[in-house]
Every structure is written in structure tokens, then in C-alpha cells.
Amino acid sequence: MATLPAYRLENSNGEEIASPDAEQALICFIKEDCPTCKEVMPVLEAFFVRFGSTIPVHIIGQTSQGNTALAQQFNPTFSILDDSALQVSFAADIETVPTMVLTDAGNGQASRLVGFVKEEWQALATKLSVQLDVEAPQLDWPALPDWRPGCGSLSVGPADEPRLRAMAEGSPIRARRIDIGRQDDEVEFMFDQGFSDGLPLVPPTPERVLAMLSGSKRDAQEVLGEMAPNMGEVTIEKVAINAVMAGCKPEYLPVVLAAVEAVLTDDYNIHGVMATTMGASPVIVVNGPIRQRIGMNMGLGALGQGNRANATIGRAVRLVIRNVGGARPGETERSTLGNPMKFTMCFAEWEERNPWSPLHVERGFAEEESVVTVFTMVSGPTLIVDQDSRSASQLAGTLGQGLQAVMGPKAYFATDCLLVVVPEHVDTLMRDNYSKEDLRRRIQEVSARPVRELVADENSATGIKAATAEKMDEASLDQMMTKFRRDEDIHIVVAGSEAGKFSGAFHGWVTGSVGSIPVSRKIEE
Amino acid sequence: MTTIMDPTDERVPVTRQLTPRPSAVTGRVALLDISKPRGSVLLDQLEEVLAKQLPGVTLTRYAKPTFSKPAPAALRDEIHQDNDFVIEALAD
């Protein structure tokens, strides 16, 4: 048996009593509302009277009010030590009261009696009186019950056990603990500390953080990387703390972790994404079986509010970036307008309603794998309304025309986009058996423009500079230019309700190695 | 009393002193382009002006691979070792 923890507990006179440092000691844990504990109070008194002058005898009670009540009822000559914080009971691994422990040198547990088994207690009394050469406790043993099971220790009760486990030595959490005074409101405190994105946060108490960590099998101290701009070390524990604040359930944690890992890559370039005046933000798409398991929304209102998983996973990622990375608006986050996606933007793909390969399969993962993909987008979802087209080429044409506006109608070869095709539009496209490739090609075809139309003019100085155009020959000016540098820069997923012919487009930021490249990560459950 | 866990990286950055500013520009000057559009236009003009006004000064051009990421450590080291001053053209 493990050694008993060292402790300092107050007795009823307010004196601090240290754990025994003796060859032998008797320590008994009790609580007032336990009938068995009350039955053994006279036994404890008899033990104390006989052995208390030879070896330390400590009686530890689990509530201060209960200790007082026991003292009043039984008037013992011992003073009950106050473990109302339950930390000693928890550390001593007490599951039942009464538990009587006989320690040996070094606080090892020579024996441990759980509940009341008369035979065992009597044997202990006999053994000690022989060893200590004192009279046996004066007890009417036959009058005592043979056996009483005892009661559950408060230290393993559902109300206290999670907190105690989180606070105990050996707890996997290591972050700095911040005590908030009784008179302070914890939500206001977190606002004042700058932890918030502007909305109230769930206080990340040790027990909540520990519960959050149970959502992943990974070591709490595993380092995922360094988050720009402050290059703060991102551990799984830090992600869990921010996930608690965001309102996540523990089962969302693996998704948050994978998304944070994606964001930490050089390809993703979170430093630039946060610092840019363009107001870029992560847009997170979840694929695979975990979508269903954690109840993500991929149907009606998938890109909107109302689903806890969608809302809080995206928010948790943003809070990690803010709190661990230090990207705060007005500091290194310099967005001119900002955008609401900076609170959260995360949704799942409706793979079952998708006639094509889902996003993660297209990006090289197996269908049964759960995967998170993080894009960088500056705006969206911008609706492209088409309730009239009945053929795939017409509808894809409308989508192409809509996407021409990405970053500006004359911004060609400039960025990427994420097109969220709604089910009714999917049906129209599938009437003509359109593949994703067909859709991309048609979008490029319809949005392509001759170079001369993209030159700066009196209507707009954006596009190709006049000086550059002047050096071009007629053939070059007549050449058709596609909106997107590559067809793959049109990312396509399916989501949304069965009713409504409005697909949505997210507009990209600077793409490729000079900006941000979408990153997918397998979700480790 | 409620106890919460610190969600930040828990670091307290040290305060650093600015390098003393010399009264005159001498020696070697780095002209750093962060690779945003038209940064080079500004630096071209500056280089021309500085070459005329400070003929004894050595001007060296540098460029970040992309404006959207911090300068690579090797580039920062090179600029630091080989120059006494840096002029950085930021953007647009």
C-alpha cells in the first residue's frame, strides 16, 4: 500500500496538527452523516483513550459542521481534524468512511480497515495493546454490530472528485493557476484579463480542464508547436484550457487539436493571416465519421449559429491563436474591418449528400478517416442565387459569374475560394452528371476574360496596370485569362439544407507559398 | 474562490533597450524590401537619393521572400552582421 500523504489539518481549537512522524500511528477518516461512523465513535474514543498517549491517534472528519456535530453528540476526548477541503482524504485514496489506517514508519500503511468489520477492529485493538503493552480498549464488543459497510467518502463523490483530481499532485495539468477573489465575478475577470474575443467565456477551472483533456488520449504536455506572433508554446493542455473557455465538450477536443496543428504549419502561415489588414480568418471544414459522432451541423444553417460543435470548435481555435499566440486586434492583428468569422467559422461537409469525393478524400485521406481542413478566407459566405437554371452548364455558369467577384472583378490569378454547394444545386448539377472537375472547368470558362478587359481603366484602377498593358501586343491582350490560377484553387464542398438554391462562396486571401495554403490534418481520436 | 487555469503562454517579455541612434549615417546601410507591391519603387528612389547625398555609405538591397511571413532568421542575421543601419520599405 502507498504511503499516506503528509498533511497539516486544523483541530477544533483552530490549531494546526501535522501528520504523524512516528513508528506507528492510527488515522481514521469519518464523516458525520454516515451511520457507521457514528456507531464507531465510541470505539474511536476507546482506542484514543488506550493508545493515544503512546502513539498518535488522528481522527479526520470530512465536513467542519459535521465535525462539530459529532463532537457535540459524542463529546469525545479527541479533537476531530478538519479535512473539509477533502484533499487529504483524496490523496489518501479513501473511498469509504470509516477507514482506519495503521501506519508504520515513514507513513506506510501497515493495515487498512474499510467500513466496520468487528472482527478486524477487535484484532487491531488486541494487536496494538500487545505491541504497545497497554490495556486493551474498554469496549462492550458483543454489543457492537458484526459488520457495517460504511458510507462513500466525500472525496470520491461526484460533486468534489473532479476538482480534487485536478488539484491533486500528479494531475496532468501544469498551467499557472489563477485565483479569482470571492468578491470578483469570474466572467468579468476574464474580460479584464483580455482572454475574451468579446463574448463571455466559460471559466477554465482545473476540473473542467481535466474533463476536457479526457477527450484525447494524448499527453497533456505534448507540444504542438509555437503560435505566432508571440511564438507561444502550444501544449495540448493550453488548447484544452482555451477549448473550455470556448464552450467545447471534451469530445470536440481532437478536432480542435487537429485544427490547431494545421494552423501551426508554415504552409498555413497564421502570422500573416492574423496580421493582414485584409481581415483573413481560418475557415474550418470537418470530414469523416467524427462529424456525426459529435453532432456537427452540415445541413440546415450549417454555416450559421445554433450548433455547439460548429460554434465552439471554431471559437476554440481562435482563442488559442489569441491567448497563446498573442494575436489581438489593434496589436499584431491589424484587420481594417475585421469579419465575423474571426469569432468562429467551422462546419462539416454533408458527405452523404455529396455525389462526388468528399473534401478529405480529394485531399488524399481515406473516407473512413476523420479530417479537418483549414482554409484562409477574407469574406463569406457570399450567396450566389440561382433559382432558375435547370441545366448543369447554366448553373455552373452562374456560380462562375458569382465567383468572378472574388477579391474584385478584375482580380485574376489572385486568390482561391471555397464554394459551398447546396443540395438543390447539387441535384441540378447531377442532372447532367457533372463531376467536380466539370464544375471547376465551367466556372473557369465562364469567368475567364480577355486580358484587355482586366486592364485598369476609368471605371477602376484595379487590375493590370496600364503601363504593363501598353507593352503587350494585340494577341496578348486578346488572350483569355482564367479567374483562378489553377482549377484546384476552387475548393468545393457540399452543405446546407434540402431547400434553397443559394450556394455560398468564401473568398480567399493571398494564396500559395507567399500567403496561406489550405492544410488538412487527420483527427487523432 | 474560483481557480482558473491560465490560457496564455505565460511568458513575460523582457523590455529591450533601443540601440543608441548615431548622429550621422555612415558605414553600411541595408535597404530591405518586404516584397509587397511598389516597395521596390520607394527603395529605388531612396537608393538614388542616398547614393548622391551620402557617397561614402555602402548601400545593399535585401528582400524578404514574402511580406506575409516574418523574415527568415538567416536573412535577419545577414542584415545584422553586414550593416550598421536598415531602411525597411513596408507596403503598397
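Reader: In what order do the elements of chain B run from the N terminus on?

Author: This is a predicted model, in which local features need pLDDT of at least 70 and side-chain atom pairs count only at pLDDT 80 or more, while totals for chains, interfaces and linings use all residues. Residues are numbered from 1 along each chain as its sequence is written, and chains are lettered from A and ligands numbered from 1 in the order in which they are written. Helices (H or I, at least four residues) and strands (E, at least two) are DSSP runs, numbered from the N terminus. In chain B the order is β-β-α-β-α-β, which comes to two helices and four strands.

Reader: Why is chain B said to be more spread out than a compact globule?

Author: The radius of gyration is taken over C-alpha atoms, and the globule rule is 2.2 Å times the number of residues to the power 0.38. For the 92 residues of chain B the rule gives 12 Å, but the radius of gyration is 18 Å, well over that value, so chain B is more spread out than a compact globule. Its C-alpha atoms fill a box of roughly 70 × 30 × 20 Å, taken along the principal axes.

Reader: How many residues of chain A are in contact with chain B?

Author: Two residues are in contact if their C-beta atoms, placed from the backbone, lie within 7 Å. Here 33 residues of chain A are in contact with 15 residues of chain B.

Reader: Which strand of chain B pairs with β12(A)?

Author: Two strands pair if DSSP finds at least two bridges between them. Strand β1 of chain B (residues 2–5) pairs with β12(A) in the antiparallel sense, over four bridges. In β1(B), B:Thr2 is the bridge partner of A:Ile180.
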